[in-house]
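Good morning, colleagues. Please look at the structure on the screen, which I shall describe briefly.

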Amino acid sequence: MVKRATRAKATSSPKVGFVSLGCPKALVDSERILTQLRAEGYVTSPTYDDADLVIVNTCGFIDSAVEESLDAIGEALAENGKVVVTGCLGAKEGVVAKVHPSVLAITGPHDTEGVMQAVHEHLPKPHDPYVDLVPPQGIKLTPRHYAYLKISEGCNHRCTFCIIPSMRGDLVSRPIAEVMQEAQNLVKSGVKELLVISQDTSAYGVDVKYRTGFINGKPVKTK
């Protein structure tokens, strides 16, 4: 359980505080999230003040559990300010958002991938060349001075002369924060020219209703 402290924040590996509530099944979800955090180089913080971000795994089974979860979220917001909510109460996104509209992200139960995506958006892990086998920009087959940046997959149109929708499916836009992070990594690696590609570039963001993303804690518009 995360506690209060007055120590200054460390500047090495990013630190994540964790509050786990609910049943044994929720505890297993917490273990999986913590395992993935550790595998990616994040450090677990025992205090709010020492954490760069706090994850609250909630319970929403009965009224008292809902109240306890909302109180835990409120405490984490008051003590730290950067909170990602997951778990059973997260499945009732409107309940959480109504009481605590300032949380960074809300995901449902057994959604390790969704939690990690939120962590990556709001607390990117610095690349460690001594630990990470793959460079942050990934493996590229293009010359070093340029790279392709794919922003979406598929197409919603049904042109009679085009086979793309039947092969690639409907439009699926990548999250704007993910696109921007990849672009930054490519530029840092020495890329001078980014070629933005997709099946329907002009439709980017339509499928997600131009949802705002976050990178380094700052909002980024999709359109």
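How much space lies in the largest pocket? The answer is about 800 Å³. The model is predicted, so local features need pLDDT of at least 70 and side-chain atom pairs count only at pLDDT 80 or more, while totals for chains, interfaces and linings use all residues. Residues are numbered from 1 along each chain as its sequence is written, and side-chain values use heavy atoms, with hydrogens and water left out.

A pocket here is an open set of points on a 1 Å grid over the protein atoms alone, where a 1.4 Å probe fits, with protein on both sides within 12 Å along at least five of seven lines; lining residues have an atom within 4 Å of a point. A volume is the space filled by probe spheres set on the points, which are joined across faces, edges and corners.

Let me continue with the lining of the largest pocket. It has 28 residues, and P124, K125, P136, Q181 and N185 lie nearest the centre. Helix α6 (176–188) supplies at least two residues, as do α4 (112–122) and β10 (213–215); the largest share, 7 residues, comes from α6. Helices (H or I, at least four residues) and strands (E, at least two) are DSSP runs, numbered from the N terminus. By class, this lining has 10 nonpolar, 10 polar and 8 charged residues. Ala, Val, Leu, Ile, Met, Phe, Trp, Tyr, Cys and Pro count as nonpolar, Asp, Glu, Lys and Arg as charged, and the others, Gly among them, as polar.

The second largest pocket has a volume of about 420 Å³. Of its 21 lining residues, A105, Q117, E121, R211 and T212 lie nearest the centre. Here α4 gives the most, with 5 residues.

I turn now to the sheet. It is open, with 5 strands in the order β2-β1-β3-β4-β5 and parallel pairing; two strands pair if DSSP finds at least two bridges between them. Strands β2 (43–45) and β5 each have a single partner strand, so one side of each is left without a neighbour in the sheet. Between β1 (residues 15–20) and β3 there are 5 bridges, and V16 has L53 as its bridge partner in β3.
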